[in-house]
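Please keep the sequence and the 3D view at hand while reading.

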Amino acid sequence: NGIIQHLRGTENKNICDLGIIDVTCSSLNSSYPPKNVVDFDNDNYFLSNSGYAWIQYDFKDKKVRPTRYSIKTRNDSDDQNPISWFVEVSNTGQDDDWRIIDIQRGNTSVSKRNQTNTFDISTQLMNNESYRYLRFRPYNKTSGNNNCLAISSLEFFGFLIE
């Protein structure tokens, strides 16, 4: 299990609804909110309403040191799936405090419907490094040559510091 699944424990509820973490985005489509990316038990998904929208995890009073992450695409369309993105970390969440720890360019492994892939974080973080915020940020068109982003689930693996 990943960090999100670990934090959820035996609860069969969305961890955002439980107040354990916050998931926000830069472009909100209220019918497909960002909290859907941590709702692993159904076919919900996040869908932005404008281009290059990021998804941000706030672990609140916890910190993480990610080593890998998994993306699952929505099950009803091949459009709007990520193909080029950054994974970033921060301890403040401020615009000038983000550090890129992984970059994917032209990666089509999650460009079709209902695909899942796990990616290693390309920057190996030191044992004393941990972060409150994680952000997934596309930087180019998505599958289907779209600007909007859709993701069914986004799980991170690594170390949780409580």
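Which residues does Tyr57 touch, not counting residues up to four places away in sequence? In this predicted model, Tyr57 touches Ile4, Ile21, Asp22, Val23, Val37, Val38, Arg132, Tyr133, Leu134, Leu154 and Phe156. The points below place Tyr57 in the nonpolar core and in an aromatic cluster, and they also describe a sheet of five strands.

**The nonpolar core**

- The largest nonpolar core contains 32 residues, and Ile21 and Tyr57 are those with the most contacts inside it.
- At least two residues of this core come from each of α1 (3-8), β1 (22-25), β3 (55-58), β4 (63-72), β5 (85-90), β8 (133-138) and β10 (153-161).
- As a general background, nonpolar side chains tend to be buried together in soluble globular proteins.

**The five-stranded sheet**

- Five strands form an open sheet in the order β1-β3-β8-β5-β6, and their pairing is antiparallel.
- The edges are held by β1 and β6 (99-104); each has a single partner strand, so one side of each is left without a neighbour in the sheet.
- From one strand to the next, the twist averages 15°.
- Strands β5 and β8 run antiparallel and are joined by six bridges.
- Opposite Trp85 stands Pro138, which belongs to β8.

**Aromatic pairs and the aromatic cluster**

- A pair of aromatic rings is described by the distance of the centres and the angle of the planes.
- The count of aromatic pairs comes to nine.
- In the pair of Trp85 and Phe136, the ring centres are 5.5 Å apart and the planes are at 35°, so the pair is tilted.
- This pair links distant parts of the chain, since Trp85 lies in strand β5 and Phe136 in strand β8, 51 residues apart.
- Trp85 and Phe136 are both buried.
- The rings of Phe86 and Tyr139 are also a tilted pair, because their centres are 4.5 Å apart and their planes are at 35°.
- Here too distant parts of the chain are linked: Phe86 is in strand β5, while Tyr139 is in the loop between β8 and β9 (150-151), 53 residues away.
- Phe86 counts as buried because its relative accessibility is 13%, whereas Tyr139, with a relative accessible area of 26%, is partly exposed.
- One aromatic cluster is formed by Tyr57, Phe59, Tyr69, Trp85, Phe119, Phe136 and Phe156.

**Arginines over aromatic rings**

- Arg65 lies over the face of Phe159, at a distance of 4.3 Å from the ring centre.
- Arg135 lies over the face of Trp98, at 4.0 Å from the ring centre.

Terms used. Residues are numbered from 1 along each chain as its sequence is written. This is a predicted model: local features need pLDDT of at least 70, side-chain atom pairs count only at pLDDT 80 or more; totals for chains, interfaces and linings use all residues. Side-chain values use heavy atoms; hydrogens and water are left out. A nonpolar core is a set of buried Ala, Val, Leu, Ile, Met, Phe, Trp, Tyr and Cys residues joined through side-chain atoms within 4.5 Å. Buried means under 20% relative accessible area, exposed over 50%, partly exposed in between (1.4 Å probe, protein chains only). Helices (H or I, at least four residues) and strands (E, at least two) are DSSP runs, numbered from the N terminus. Contact means heavy atoms within 4.5 Å. Two strands pair if DSSP finds at least two bridges between them. Axes are lines fitted to C-alpha atoms, for helices over the stretch in contact, and angles run from 0 to 180 degrees between N-to-C directions. Rings of Phe, Tyr and Trp (its six-membered ring) pair if their centres lie within 6.5 Å; planes under 30 degrees apart count as stacked, over 60 as edge-to-face and the rest as tilted. A charge sits over a ring if NZ of Lys or CZ of Arg is within 6 Å of the ring centre and within 35 degrees of the ring normal.
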